Amino acid sequence: LLLVLQVRLVMKAHSFIRENVPRVLSSVKDKSSTVHIPRISQYLYFLFAPTLIYRDNYPRNPTIRWGYVATKFAQVLGSLFYAYYIFVRLCIPQFRNSSQEAFNLRGLVLCIFNSILPGVLILFLVFFAFLHCWLNAFAEMLRFADRMFYK
């Protein structure tokens with residue numbers, strides 16, 4: 001999780017630098033009296049907004065729908081509990097039985113193949129919980145209007 005957050009921050013820093021350095025360099029080259037440097041509040045908003053492309057201003061909704069935010073966080077919790085249920089009921093018993101027997105390749109392959117479907121279900125749940133519910137909840141709390149996460 002920590003590595004994913006670090007990669008996200010590096011990507012956001014790269015976008016911020018890529019968008020602002022040419023602007024500053026062109027104003028220095030033109031010797032203009034005003035150099036447009038982004039405010040700290042713009043950078044902080046960008047750090048928490050669900051986007052990897054820096055802009056000085058983003059489209060914003062006028063209000064926050066707190067019911068929508070609560071629904072999305074409830075869906076995240078429901079997805080986590082359902083993933084836990086799938087893991088406990090379908091994955092752990094497969095490997096618990098194999099740990100009591102002597103090692104054989106056939107048993108290991110059967111355990112892995114029996115865990116593929118639950119693993120895919122957990123992967124879909126993680127996708128839904130984070131990329132849909134979590135990002136939409138934070139987008140709503142930040143009044144971020146551009147919700148085209150999948151394009």
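Helices here are DSSP runs of H or I with at least four residues, numbered from the N terminus. You're looking at a predicted model, where local features need pLDDT of at least 70, side-chain atom pairs count only at pLDDT 80 or more, and totals for chains, interfaces and linings use all residues. Residues are numbered from 1 along each chain as its sequence is written, and side-chain values use heavy atoms, with hydrogens and water left out.

Start by selecting residues 2-29: that's helix α1, 28 residues reaching 40 Å from first C-alpha to last. That is close to the expected 40 Å, taken as 1.5 Å times one less than the number of residues.

Back in α1, show K12, S15, F16, N20 and S27, which are buried (under 20% relative accessible area with a 1.4 Å probe, protein chains only).

Next, the rings. Phe, Tyr and Trp (its six-membered ring) pair if their centres lie within 6.5 Å; planes under 30 degrees apart count as stacked, over 60 as edge-to-face and the rest as tilted. The count comes to 8 aromatic pairs. Pick Y45 and Y58, a tilted pair at 5.9 Å centre to centre with 40° between the planes. Y45 sits in α2 and Y58 in the loop between α2 and α3 (66-99), so the pair ties together parts 13 residues apart in sequence. Both Y45 and Y58 are buried.

Then select F16, Y43, F46 and Y54, one aromatic cluster. K12 lies over the face of F46, 4.5 Å from the ring centre (NZ of Lys or CZ of Arg within 6 Å of the centre and within 35 degrees of the ring normal). Finish at R65, over the face of Y68 at 4.5 Å from the ring centre.

How values were computed. Helices (H or I, at least four residues) and strands (E, at least two) are DSSP runs, numbered from the N terminus. Buried means under 20% relative accessible area, exposed over 50%, partly exposed in between (1.4 Å probe, protein chains only).
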